[in-house]
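Colleague: Got the file open. Can you walk me through a few spots?

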Amino acid sequence: MSSESPTDRASRRTRILSNHLTTSDLQVGGNSLQSNICLSYSPPELHEKIEFEVRKMRELLDVHNLQDRDWLFGLMMQSKLFNPQEKGGKVFVMPDFNHTKEQQREMTMKRIEYLLERGVFDGWLTTRGPETEMRKFAFMETLGIFDQSLAIKIGVHFFLWGGAIQFFGTKRHHDKWLRDTETYRIKGCFAMTELGHGSNVRGIETVATYDPKTDEFVITTPCESAQKYWIGGAANHATHTVVFSQLNINGRNQGVHAFIVQLRDFDGNICPNIRIADCGHKIGLNGVDNGRIWFDNVRIPRENLLNSVADVTPDGQYKSAIQDPDQVIFSCCRFAAFLAPLTSGRVTISLSAIYSAQIGLAIAIRYALSRRAFSFVPNEPEVLLLDYPSHQRRLLPLVAKTYAMTCAGNYLKKMYVKRTPESNKTIHVVSSGFKAVLTWHNMRTLQECREACGGQGLKTENQVGHLKGEYDVQSTFEGDNNVLMQQVSKALLGEFIAAKKKNKPFKGLGLEYMNEPWPVIPSQLTSDILRSSNFQITTLRLRERDLLNRFAAEMSQHQSSGVNKEYAFALGYQLAEDLGRAFSDRIIFETFLNDEGTVSTGPMKDVVGKLRSLYALTCMEEDAAFLRYGYLSTEKAAAVRAEVAKLCSELRPHALGLVSSFGVPGAFLSPIAFNWIDSNAWSSSSA
Amino acid sequence: MISRLLDLFLAYEVDPNVNLIILKGNGRAFCAGGDVAAVVHDIRKANWKSGAQFFSKEFILNYVMATYTKPQVSILNGIVMGGGNGVTMHGRFRVATETSVFAMPETALGLFPDVGASYFLSRLPGFFGEYVGLTGARLDGAEMLACGLATHFVPATKLSLLEEALHKVDSSDSAIISAIIDCYSQQPYLKDQSAYRRLDVIDRCFSRKTVEDILSALEKEYMDKADDWIKNTIQSLKKASPTSLKISLRSIREGRIQGVGQCLTREFRMVCHVMEGKLSKDFFEGCRAILLDKDRNPKWEPARLELISEGMVEQYFSRMDDEEWDDLKLPSRSNFVLPGHAIAKL
């Protein structure tokens, strides 16, 4: 405990108080009329310098459709539907989370209708091509910055329901449903997950039986565990759904297929033989009406089978290009092209996670640039939070990671819109790894930002704390992060075995470096070496390569001792998850380095270079694998750690510029990011 | 005059004898805007930089006003246009009267709403700012108050009493000054034909993504309901410089998510490009047709919206390609303790 006696404390407190009175006179300077005897909010804009062009840095991060994004930000800011609130002279938009879940759902739907009227969704399903897809991504990112519920509700309708029609359906489905989906004449949802089966879709229990007498399928929920669960849009609004179901033809199971079923009529009444219940209140995303669905022998026309890979003839013949029923929808090779469009879910999740991290950091850093606590020297002014090295160490590596991961997200988007049958496997692997790493990064960042804002972080209006609930689901939906990491490692192992067996060089997934001899890490790690991209990439690759070798050795050991392949994977989870991370970190680094290369020499490039070093060295500092397997000796690991601290202090002067470049308008941040004294003043405390 | 105003503002800020600043017009108009004809003359005589210098001073003045530590009360009797709005709208109090006429008519002149208009127009309700900025529509005092361009409405006959009362104030406290103006204020009647009563149509049309979309939304409204106001709105857009319309829309949209300093810095880049005349000569053509020859028949180039690509618009927002030319240098305001309403603009 403190050695200070109560009287000492009292006199120190008096000194500080009188100090406020005397020094504030000096601060007022020529403006002696202002009677500022207390703390006043000093906006970071006035005392922080920005040495690079924020506009250019934002271009590096947002890359595409900047005007479209700004237009959409403006659409939201200027409408009462987006709940504008004035705090401290600034207007903030944010859903009213004090609303009940029913109110939040209705508001989400109203916002969608408003955006629809203004033309935001024009062409989302009726035009195709990379340009449309990039614009859709930009809009999804922008909408998610306002509210994750809004983005998800729109995502389910367009990407899951609309995407299923587009990619699992054929012309008759496109003609019938796409335009009506784009105009929201019908509202779609996507019924895949069941109470008993989530990630393992092959195990779902819903059954569709063909009845050749009536030319219909009969959809049935045979048991409680087969109820469709978490179906976004089902509880209140959806009129139609895609149902994933086992297809039963003449008593033979043909595997999982997708069907269209109408849930509600156009007056909103639930259709006969369908039961829908609510999933209830959630820790976040209450603006999305997640529901549960039971099908009681629902009859649908034969044409409602989405038949792009398999069809049923009127007389009940099953026609498919593939023999193995398991392969129809979930094939990993030949029909990957068929599955790939659904990867868009993982792409949008990765990107929205990164924009959420940007919001959290922009708020926490801006607060740390205006909030002071304690003094280094008695009677001196208190110190800005961000001038504490510990505070820098908490937040700035997260900024560096967010920069790196933003570039990685852009790489993923580009790869996705330019997809070819050949690139589908890479997209699948990279999007799995990125989705896991980026969503975990977001959750960790939000927690750190929440703590860095102290009690203010607890207020819902200040976002950072509340967003944790809104984004938590990301680590498990569209593939559990741990499962995804294991899938990444499985794919890498496949590459490894193929290369070794056929004695062919590695090609793809960025593994070409494995054809080279093992690298040597320099014995002396000077600052220059630590900051060289050569050292950084070599070290990150060394970890990935070694983990892959170890993983392969462990798998073959398990298998040679008689353990089957799947169980061997389950046993090897430790290396599998480490390897998945090593792979993702390495690709993220490469994309960031590549983007750095596009920046022309000058102050901006210097800053990006520092961020890149901070990213790489933080990866090394955080993962025990570097020490555990000896890629770095204890001395080298200490050198890495010291350099991280140095980089933090060098990046400190750029903090405001770095978070301003995220391009999230102030209205989408929160009161503590701005004048938190005025926004908490008695005169503005109506709530 | 701008240099003089700037000097006075800077001096008054540190003068303990000054509590507030009252800005009023001398004569029938408050201020019809900057002397654009003189700027054109300067450019013709020397080069674009001499024209741009004028704007540099003007925008710095606008910035100082926006971040001023003492209340500025502007009395807007008569016409307030263009640069006139630049020296009033950033101040704390704007008093309109029944004689006030507001407009930002720059798009008809081949320019764009500058002097920080991308800041204050973009913050009007809904998409009223886009409407006012693109069409150059004139607003009366009641409309100014309704949309927030004015903070008070005082009948012209009471202005001298108001001034007298303000002279007696021994405080810089905004609340006190606001209360004094309130004593002379009244609630004016918003005329039935007011554009402000059409906010729903304005929002539907002017929220559209591009100028072309805005026009076709207006035309669709007109098809549904033939109406003079919509017809006039369409006509003002069709008369304006297509380039001006496109850069103005983008400027207002960007301004909406920027602070006042960023707005002025960006507008300064834009104005330099306009003065340089390399991307388009519409400004010179507009001045010729409206101010010099007065034939009111400018020949815009490019002549149609669809001939102006996003890339061409983009160039107005880039740094000048000139080693010797810098972005706008805003004066540091860090030595002052700014009032909350000024901090909120940063």
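Modeller: What follows covers a helix pair, some aromatic pairs and one glutamate, all in a predicted model.

Colleague: Start with the helices. At what angle do H17(A) and H19(A) pack?

Modeller: About 155 degrees, with the axes 9 Å apart. H17(A) spans residues 533–560 and H19(A) spans residues 573–597.

Colleague: Roughly parallel or antiparallel, then?

Modeller: Roughly antiparallel, because the angle is over 145 degrees.

Colleague: Left-handed or right-handed crossing?

Modeller: H17(A) passes H19(A) in a left-handed crossing.

Colleague: Which residues make the contact?

Modeller: On the H17(A) side they include Ile537(A), Leu540(A), Arg541(A), Glu544(A), Leu547(A) and Phe551(A). From H19(A), Leu579(A), Ala582(A), Phe583(A), Arg586(A) and Phe589(A) are among them.

Colleague: And how many are nonpolar, polar and charged?

Modeller: By class, the contact has 12 nonpolar, two polar and 10 charged residues.

Colleague: Switching to aromatics. How many pairs are there over all chains?

Modeller: The count is 38. One of the pairs is Phe121(A) with Tyr184(A), which is tilted, at 5.9 Å centre to centre and 50 degrees between the planes.

Colleague: Where do Phe121(A) and Tyr184(A) lie?

Modeller: Both are in loops of chain A: Phe121(A) between helices H5 and H6, Tyr184(A) between helix H8 and strand S3. The pair therefore ties together parts that are 63 residues apart in sequence.

Colleague: Buried or exposed, those two?

Modeller: Phe121(A) is buried, and Tyr184(A) is buried as well.

Colleague: What about Trp161(A) and Trp177(A)?

Modeller: Their ring centres are 6.0 Å apart and the planes are at 80 degrees, so that pair is edge-to-face. Trp161(A) lies in helix H7 and Trp177(A) in helix H8, so the link is between parts 16 residues apart in sequence.

Colleague: And their relative accessibility?

Modeller: Trp161(A) has 0% and is buried. Trp177(A), at 9%, counts as buried too.

Colleague: Back to Phe121(A). Which residues are in its cluster?

Modeller: Ring pairs link Phe121(A) and Tyr184(A) into a cluster with Trp71(A), Trp124(A), Phe139(A), Phe158(A) and Phe159(A).

Colleague: Last one, Glu133(A). Where does that lie?

Modeller: In helix H6 of chain A.

Colleague: Buried or exposed?

Modeller: Glu133(A) is buried, because its relative accessible area of 14% is under 20%.

Colleague: So what is Glu133(A) in contact with?

Modeller: Leaving aside neighbours within four places in sequence, Glu133(A) is in contact with Tyr416(A), Val417(A) and Arg419(A).

Conventions. Residues numbered from 1 in each chain as written. Chains lettered and ligands numbered in written order. Predicted model: local features only at pLDDT ≥ 70, side-chain atom pairs only at ≥ 80, totals over all residues. Heavy atoms only, no water. Axes fitted to C-alpha atoms, helices over the stretch in contact; angles between N-to-C directions. Helix = DSSP H or I, 4+ residues; strand = E, 2+ residues; numbered from the N terminus. Parallel < 35°, antiparallel > 145°, perpendicular 65-115°, else oblique. Left-handed = near helix turned anticlockwise from the far one by under 90°. Contact = heavy atoms within 4.5 Å. Nonpolar A, V, L, I, M, F, W, Y, C, P; charged D, E, K, R; others polar. Phe/Tyr/Trp six-rings, centres within 6.5 Å; stacked < 30°, edge-to-face > 60°. Buried < 20%, exposed > 50% of the residue type's maximum accessible area, 1.4 Å probe, protein only.
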